[in-house]
Amino acid sequence: MQRPTILVTGAAGQVGFELARLLAPHFDVVATERATLDLANPDAIVAAVRGVRPGVIVNAGAYTAVDRAEDERALAHAVNAKAPGVLAEEARRLGAVLIHYSTDYVFDGTRTSPYDEDAPTAPLNVYGMSKLEGERAIAAVGANALVFRTSWVYGTRGRNFLTTIRRLAAERDEIRIVADQRGVPNWCRELAGATTRIIAGGVPAMAERAGLYHLSSTGDASWCDFARAIVGGGAKPRVVAITTAEYPLPAKRPAYGVLATSKFEATFGFALPDWRDALARCNADGE
Ligand SMILES: NC(=O)c1ccc[n+]([C@@H]2O[C@H](COP(=O)([O-])OP(=O)(O)OC[C@H]3O[C@@H](n4cnc5c(N)ncnc54)[C@H](OP(=O)(O)O)[C@@H]3O)[C@@H](O)[C@H]2O)c1
């Protein structure tokens, strides 16, 4: 069987970078980033997909600046809501599979037990709303699409919670971190690894399993727990628990965003590790 060409968007991002790296030895990968495929430009998306004719499209690109989105509503909408629909249309035209990522921020966080895929959505901020609209746009097209909601993505590159805490830990004796928002940290490499494993199962198997899934490490944490796990057991820096009210931000966040992953596990036959184990692996990886 001919191996499919895979078009990856957002390949300079956390998940996209790892994906391009993991997929490249096994597939013909066309990795695009903002400079080569601007997801805010629907014509560019159509031209890119028709030019590459991929068997699989992985949309790892997204507008992820949660606070800035409150002021850049139109751009967040173009990238997170409109582009996924255009990609889905093009995937359907070609008979390709679209893999897309969404977020726990589609929920309002009022629950205290893990959200399953059927739980009612009610985003609290512009970013969450734009991602929910992206899910809906894909569903409306009816393409063969796998949509993976995940949460709290980190990695060793760029700016994210892990790299920020590592930097602050080197600079300060004390860091103050919100302890009243709970979720699950996810190492971008685990997400990319799971996606690669699913792609390796082949296009027909993916098409059969088209749908919405929660893809996340297990366990749960507050941001403060996550920060303490990052800095380790040493005396410094001291990680002080604070409330969301003590650290106001432009975008409101859900207080609880743990995703129930049993549908993913039953469908694909594997689970991501506990978040603490994934963090240990990430730390051991060094880079
Ligand atoms: N990060 C999280 O905590 C989190 C949590 C839940 C779900 N997710 C979802 O998981 C997926 C992967 O996220 P991630 O953490 O890998 O995000 P990320 O590191 O922010 O990567 C997203 C990439 O998309 C690119 N991008 C933004 N606007 C673009 C445009 N107009 N055209 C092309 N590319 C554009 C970004 O480029 P620039 O750097 O140039 O902007 C960035 O390289 C996304 O769907 C995200 O919504 C993320």
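Mentor: Let us start with a definition: a residue is called buried when its relative accessible area is under 20%, exposed when it is over 50%, and partly exposed in between. Please keep in mind that the model is a predicted one.

Trainee: By that scale, is Trp152 buried or exposed?

Mentor: Trp152 is found in the loop between β5 and β6 (153-154). Its relative accessibility is 9%. The limit for burial is under 20%, so Trp152 counts as buried.

Trainee: What is the phi value of Trp152?

Mentor: Most residues other than glycine have a negative phi. Trp152 is a residue other than glycine with a positive value. Its phi is near 40 degrees.

Trainee: Arg53 also has a positive phi; is Arg53 buried or exposed?

Mentor: Arg53 lies in the loop between α2 (42-52) and β3 (56-59), and its phi is near 50 degrees. Its relative accessible area is 56%. Exposure requires over 50%, so Arg53 is exposed.

Trainee: Turning to the chain, how does its radius of gyration relate to the globule rule?

Mentor: The chain has ten helices and twelve strands. For 287 residues the globule rule gives 19 Å, and the chain is close to that value, so it is as compact as a globular protein of that length. The radius of gyration of the chain is 18 Å.

Trainee: What share of the contacts with a separation of 6 or more joins residues 24 or more positions apart?

Mentor: As background, the C-alpha atoms fill a box of roughly 55 × 35 × 35 Å along the principal axes, and 50% of the 287 residues count as buried. Among the contacts with a separation of 6 or more, the share from residues 24 or more positions apart is 80%.

Trainee: Which element supplies the largest share of the shell around the ligand?

Mentor: The ligand is surrounded by 23 residues, and the closest are Arg34, Leu39, Thr64, Tyr127 and Lys131. At least two residues of the shell come from each of α1 (14-23), β4 (97-103) and α4 (126-141). The largest share is three residues, and the element that supplies it is β4.

Trainee: How many residues of that shell are charged?

Mentor: The shell divides by residue class. Twelve of its residues are nonpolar and eight are polar. The charged residues number three.

Trainee: With which side chain do both Thr150 and Ser216 make a polar contact?

Mentor: Thr150, in strand β5 (residues 144-150), is buried with a relative accessible area of 7%. Ser216, in the loop between β10 (211-214) and β11 (221-222), is buried with 2%. The side chain of Thr150 makes its polar contact at 3.4 Å with Asn186, and that of Ser216 makes one at 3.3 Å, again with Asn186.

Trainee: What is the relative accessibility of Pro185?

Mentor: Pro185 lies in the loop between β8 (182-183) and β9 (186-187). Leaving out residues up to four places away in sequence, Pro185 touches Ser151, Trp152, Tyr154, Ser217, Ala221, Phe226 and Trp275. Pro185 counts as buried, and its relative accessibility is 0%.

Key: Residues numbered from 1 in each chain as written. Predicted model: local features only at pLDDT ≥ 70, side-chain atom pairs only at ≥ 80, totals over all residues. Heavy atoms only, no water. Near = heavy atom within 4 Å. Helix = DSSP H or I, 4+ residues; strand = E, 2+ residues; numbered from the N terminus. Nonpolar A, V, L, I, M, F, W, Y, C, P; charged D, E, K, R; others polar. Rg over C-alpha atoms; globule rule 2.2 N^0.38 Å. Buried < 20%, exposed > 50% of the residue type's maximum accessible area, 1.4 Å probe, protein only. Contact = heavy atoms within 4.5 Å. Polar contact = N/O pair within 3.5 Å; in protein donor to acceptor, adjacent residues only side chain to side chain.
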